Amino acid sequence: MKSLGRKPAGLRLERMKDSLLWAGEAFRNLHPVLPGLRDAAAPRVTLSEFLCAGERRVPRGPLPSANPLDAWAKPPDTGLRATWLGHSTVLIEIDGLRLLTDPVWGPRASPSRFAGPKRFQPVPVALSALPALDLVLVSHDHYDHLDYPTIRALARMGVPFVTSLGVGAHLEAWGVPHERITELDWWQSHTVQGVGKDAEVTVTATPSQHFSGRGLKDRNATLWSSLAIRSPKHSVFFSGDTGLTNEYTLIRERLGRFDLVMLEVGAFHPSWGDIHLGPEHALEALALLGGGAFLPVHWGTFALAIHDWDEPAETLLALAPKQGAQLVMPRLGEAVEPSRSDAVTPWWREVDVLKRGKAPEAEEAPEPMSLPKAMPWPAD
């Protein structure tokens, strides 16, 4: 099953073993779980609940979206612009360079095109219509962040990748040449040079509190990271997936504050508090990072938990003003410059069509495949 990826080996594995995060057989989180993050008394989500529970886990109709192509045709006035394309996929334009985070265009967050969490609706723009990319960033190897058909298509576009230790094994297996892959341990950096004296971006892998794996036998076989993106004029933080950790204070102390902070807010549950933020802990993480314009990600695309699909957005809308947080919540495909972002309009409430939109076909659909007997659900 090609979408499962490939386990690291050879020189790649030797480099992984040199990491302080390597625990002999797999990677580990270094920071202790903060008190109260994980409710041990909370019942775990069962497979039947995950598949069947909740009438409002998906929107009743297609979400409002915009076509970003006209906006992308002109450079951002301020030098920094972000376009949320769904879940954790964001096109970042920063001082003349374009970076794409955790690209997922496939129809399901799953090893199968026949089963598993299905997209609410197509990505606002086709993968083939993207402008030229300078870098693709992949935080970790879970299906909703590392998508087989999407990587197969990007491999043909000649774009370089930056990812966490070990994840390059999957990329190579799916057609990305070794020389176009840079794997980082926490606090390691990679710099990309664009055109012009200020067209330079440095990506630094930073701590997160999560796990990895695409099958039954590769738990934590690759590393997970958040990512800090800095140019001479601007800075962006991307959480990937994470629970709340005091390491966010260390990130601020070592790298400074950020103009734009993208934190995961969806797919939360009391028993997953150590590996996912949710909206309330995302606001705490934002404070640890020192603030900055806050673009929530990891919601509005897949039903990966049992809460209402719009609960993250509604909770943020209620809590963020009380905490002085600057929310940036554009529609899907709407290109925004954080320093010029207007007050949030709850566009997600516009969904009033009873019939759901049809999920898109992947630009290159993977071969038919079956699900493994069990999936690596978030809980241990």
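A polar contact here is a pair of N or O atoms within 3.5 Å; within protein, one must be able to donate a hydrogen and the other to accept it, and residues adjacent in sequence count only if both atoms are side-chain atoms. With that in hand, look at histidine 234, whose side chain makes such a contact with the side chain of aspartate 95 at 3.1 Å. The histidine 234 side chain also reaches the backbone oxygen of threonine 78, at 3.2 Å.

Before going on, a word on what you're looking at: this is a predicted model, where local features need pLDDT of at least 70 and side-chain atom pairs count only at pLDDT 80 or more, while totals for chains, interfaces and linings use all residues. Residues are numbered from 1 along each chain as its sequence is written, and side-chain values use heavy atoms, with hydrogens and water left out.

Back to histidine 234. You'll find it in the loop between strand E9 (226-230) and strand E10 (235-238); strands (E, at least two residues) and helices (H or I, at least four) are DSSP runs, numbered from the N terminus. Histidine 234 is buried, with a relative accessible area of 14%. Buried means under 20% relative accessible area, exposed over 50%, and partly exposed in between (1.4 Å probe, protein chains only). Leaving aside residues up to four places away in sequence, histidine 234 touches Thr78, Gly79, Leu80, Ile94, Asp95, Ile229 and Asp259, where contact means heavy atoms within 4.5 Å.

Now to strand E1, residues 80-86. Because 7 of its 7 residues are buried, E1 is largely enclosed by the rest of the structure. E1 runs antiparallel to strand E2 (residues 89-94), and 6 bridges join them; two strands pair if DSSP finds at least two bridges between them. E1 also pairs with strand E13 (residues 335-336), again antiparallel, over 2 bridges. Threonine 83 is a handy landmark: it stands opposite leucine 91 in E2, and its bridge partner in E13 is alanine 335.

The hairpin of E1 and E2 has 2 residues between the strands. Histidine 87 is found in that loop, and it has a positive phi of about 50 degrees although it is not a glycine. Most residues other than glycine have a negative phi. At 3% relative accessibility, histidine 87 counts as buried. Alanine 267 also has a positive phi, near 60 degrees. Alanine 267 lies in the loop between strand E11 (260-264) and helix H7 (278-288), and at 8% relative accessibility it counts as buried.

On to the rings. The structure holds 12 aromatic pairs, meaning rings of Phe, Tyr and Trp (its six-membered ring) with centres within 6.5 Å; planes under 30 degrees apart count as stacked, over 60 as edge-to-face and the rest as tilted. Tryptophan 22 and phenylalanine 27 form an edge-to-face pair, 5.0 Å centre to centre with 85 degrees between the planes. Tryptophan 84 and tryptophan 347 have their centres 6.3 Å apart and planes at 50 degrees, so that pair is tilted. Since tryptophan 84 lies in E1 and tryptophan 347 in the segment after E13, the pair ties together parts that are 263 residues apart in sequence.
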